[in-house]
Amino acid sequence: METEEQHEPPERGRSSVPEQGTKGRSRSVRLGLAAASVPAVLLLTSAFIVQPFLIPSSSMDPTLRVGDRVLVNKLVYRFGDGPRRGDVVVFDGTGSFSREADPDANPVVAALREAGAATGLARPAETDYVKRVIGVGGDRVRCCDRRGRIEVNGRPVDEEYLHSGNAPSAVPFDIRVPEGRLWVMGDYRSRSSDSRDHLGEPGGGTVPVERVIGRADWLGWPPSRIGSVPSGAGSGHD
């Protein structure tokens with residue numbers, strides 16, 4: 001007599017191939033999403049928190065050298081005081097150091113270039129500059145005293161960061177920095193196009209604080225130079 005178990009159809013062997021295929025596809029999707037999210041995270045971080053910046057010229061040598069990549073702190077001035085004397089800042093020079101952007105420029109090329117610059121893989125935009133703050137709003141900055149030093153509010157500035165053999169400035173100037181603006185200069189004075197070169201233009205060579213992208217706080221590349229960027233806190237003591 002057949003038992004109840006004998007009436008049950010034999011269980012078919014389950015093939016493992018479909019499950020592996022599904023798992024494989026699922027894993028590929030996850031890996032793809034993870035890979036796609038990396039550049040998005042980098043761009044978001046660069047836009048709001050820390051932006052890598054490739055040093056394109058020798059104007060800040062020896063503090064910053066051609067090819068260095070600095071990390072620009074974009075939060076420091078957003079939640080604290082504005083730029084201080086001695087800070088090394090990255091700023092958009094449009095309207096002060098550079099002309100307005102070309103409205104006929106290819107938007108796709110511009111977007112790709114901006115993305116490359118934002119991740120430190122490409123040269124920054126031609127309107128972006130890195131300089132040291134010498135004077136802030138309300139300061140009187142002049143060059144030079146009897147010993148050839150720059151004065152801020154009548155006091156000489158101890159500029160230990162200057163490139164060896166460079167004078168503080170070969171160009172005499174005497175300016176009162178308007179409120180909300182900055183007087184900026186490179187550390188390699190003889191190779192720096194800075195506030196001195198724009199004295200006769202709107203703003204008298206000064207840069208609006210609102211155009212400051214952030215403060216260059218850290219050197220991230222090359223490995224032999226990793227560390228903090230010297231602030232030059234000795235400049236412009238009150």
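I started at Arg132, which lies over the face of Tyr161, 3.9 Å from the ring centre. For my own record, a charge counts as over a ring if NZ of Lys or CZ of Arg is within 6 Å of the ring centre and within 35 degrees of the ring normal.

Ground rules before going on. I'm working on a predicted model, where local features need pLDDT of at least 70, side-chain atom pairs count only at pLDDT 80 or more, and totals for chains, interfaces and linings use all residues. Residues are numbered from 1 along each chain as its sequence is written, and side-chain values use heavy atoms, with hydrogens and water left out.

**Overall**

I got three helices and 12 strands for the protein chain; these are DSSP runs, helices being H or I with at least four residues and strands E with at least two, numbered from the N terminus. Of its 238 residues, 39% come out buried, meaning under 20% relative accessible area with a 1.4 Å probe, protein chains only. I also checked contacts (heavy atoms within 4.5 Å): taking those between residues at least 6 apart in sequence, 72% join residues at least 24 apart.

**Aromatics**

I searched the whole structure for ring pairs and found four. The rule takes rings of Phe, Tyr and Trp (its six-membered ring) with centres within 6.5 Å; planes under 30 degrees apart are stacked, over 60 edge-to-face, the rest tilted. Phe91 and Tyr129 are stacked, at 5.6 Å centre to centre with 15° between the planes. Phe91 sits in strand E3 (residues 88-92) and Tyr129 in strand E4 (residues 128-135), so this pair ties together parts 38 residues apart in sequence.

Next I looked at Phe97 with Tyr129: the centres are 5.2 Å apart and the planes at 70°, so I log that pair as edge-to-face. Phe97 is in the loop between E3 and helix H3 (107-118), so its pairing with Tyr129 in strand E4 links parts 32 residues apart in sequence.

How accessible is Phe97? Phe97 has 7% relative accessibility, so it counts as buried. Tyr129 is at 19%, so it counts as buried too. Phe91 is also buried.

**Sheet**

I then traced an open sheet of four strands, ordered E7-E6-E5-E8, with antiparallel pairing. Strands E7 (155-156) and E8 (173-176) are the edges, each pairing on one side only. Pairing here requires at least two DSSP bridges between two strands. E6 (residues 150-152) and E7 pair over two bridges, and I found Glu151 opposite Pro156 in E7.

Methods: Buried means under 20% relative accessible area, exposed over 50%, partly exposed in between (1.4 Å probe, protein chains only).
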